[in-house]
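Hi,

Here is the structure I promised to pass on. Please open it first, then read the notes below.

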Amino acid sequence: MSQDIYTCRNRTTVESNETPVISALMFAAGVLGNLFALVLLEVRHRKEQSRQRQSLFHVLVTALVVTDLMGTCLVSPIVQAAHALNTTLMGMSDDGAVCSYFGFSMTLFSLTTLSILLAMAVERSVSIGYPYLYGRHVTKRCGYITIPSIYLLCTVFCSMPFAGFGHYVQYCPGTWCFIDMNPAEKKYRVFANIYATVMLLIVILIVVCNCFVVYHLILMYKRRKINRRSVMTRSKKERRHFSLAEEVEYLILLVIMTIIFVICSMPLMIRVYINSTQSSDSDKTDKTDLIALRFISINSIIDPWVFIILSPSFHGLCSANIRDEQSAGL
C-alpha cells in the first residue's frame, strides 16, 4: 500500500484544507428533515387511530425515518468533534475504537435502511398482489417483528470485522471510517465483496417488487375502468377498501426513495467490485473510495425530505390548512 494511503489511515490530525461547514449543514438538514417527517407520521398515526386502523406500511416508514435519524445523530457529531479538536477518528483513541465505531455505524445504518426499504416493497407487493392473504394474516404486528429482526441480522453482519473477518479503516481527511474497500488481505476483501453483493441483491429484489406492484396497479386500473366501482376484498375480521390513488402515492414514494438510495449506494458497490478485481495502491484510489463513501452518507439526509414532499399525510395537511384559510376568509 502506498505511503500516502498509509499516512491517511493512521494520521492523527485532520487535513487543514477540510472545512466543517458542509458536514455541519448536512447534519442540520438531516436532523431537521427527519424530525419534520416524524411529525407528519404522528399526524397520520392519529388520523389512522381515529379510523381504528394503522397500516404496516406506516410502521415501516416510521422505522425508516427513525433509522435515518439515529444514523445521523450517532455519526455526524463525531465528525464535528474531529473538526473542533483537529483530531482524526484514529487519534481520538489509542486502540482505534472511535474509528471502528464510526465504520460499524455507517455500515449498519446503510444496510438497515436498504433492508427496511425491501420490507416496504414486499409489504406493498403482498398488499396489492394478494389482498385476501394480506387482510387475513398481515398486520402492523408483523412490522414489530420484522424491524427488530432486520436490526439483529444487520448488527451481526456488521460486527464481523470485530471478529477478524473484515476491517474498518480511516479515510482522508481523517473524519470518516468505513469498510476497507481496497484491502491487502483476502479475508478483508471477501467481506467487502459480500457487503456490496448483499446490497446489490436487496436492490434487485426491491426493483422486482416494485415492478410487481406496478403490474397489479395497472390490472386494478383496468378493472376499475370496466366495473366502474371500487375494488374491495372482505375478510371475517374487516372490510378493506383499496384506494387506487393512495396506492399509487405509496408506490411513487417507495420508488423514488429506492432510486435515491441506489444512486447513493451504487458508487460504493462499484468501488468495492473494482478494487476486488484490480490492484491499485495510489492515493487517487483512496480519494475515489471517499467520494463513494460520502455519496452513501447523503441518503439519510435526502430520504426524509423526499417523504415530506411526497407523503400523503403532507398533502392532506396542506389541503386542510388551505380549507381553514378559505373558511376564515369567508
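A disulfide here means a pair of cysteine sulfur atoms within 2.5 Å. Keep that cut-off in mind for the cysteines below. Note also that this is a predicted model.

**Disulfide**

By that criterion the structure holds one disulfide. It joins Cys99 to Cys177, with an S to S distance of 2.0 Å. The link between Cys99 and Cys177 is left-handed, at -115° about the S-S bond. Its two ends come from distant parts of the chain. Cys99 sits in helix α4 and Cys177 in strand β2, 78 residues apart.

**Other cysteines**

Cys142 has a relative accessible area of 27%, so it counts as partly exposed. Cys211 is also partly exposed, at 48% relative accessibility.

Which cysteine sulfur is nearest to that of Cys211? That of Cys209, and it is 9.3 Å away. The cut-off for a disulfide is 2.5 Å. Cys211 is in no disulfide.

**Hairpin**

Strand β2, which carries Cys177, covers residues 176–179. It runs antiparallel to strand β1, residues 168–171. Four bridges join the two strands. In one of the pairings, Val169 has Phe178 of β2 as its bridge partner. Four residues lie between the strands of this hairpin. In the hairpin, Gly174 takes a positive phi near 105°.

**Second largest pocket**

How much space lies in the second largest pocket? About 320 Å³. The pocket is lined by 21 residues. Nearest its centre lie Arg9, His167, Tyr168, Val169 and Asp180.

What is the make-up of the lining? It divides into 11 nonpolar, six polar and four charged residues.

**To look at in the viewer**

- Cys99 and Cys177, for the disulfide.
- Gly174, for the positive phi in the hairpin.

Best wishes

Terms used. Residues numbered from 1 in each chain as written. Predicted model: local features only at pLDDT ≥ 70, side-chain atom pairs only at ≥ 80, totals over all residues. Heavy atoms only, no water. Pairing = 2+ DSSP bridges. 1 Å grid on protein atoms, 1.4 Å probe; cavity = no way out; pocket = protein on both sides within 12 Å on 5 of 7 lines; lining within 4 Å. Points joined across faces, edges and corners; volume = space filled by probe spheres on them. Nonpolar A, V, L, I, M, F, W, Y, C, P; charged D, E, K, R; others polar. Buried < 20%, exposed > 50% of the residue type's maximum accessible area, 1.4 Å probe, protein only.
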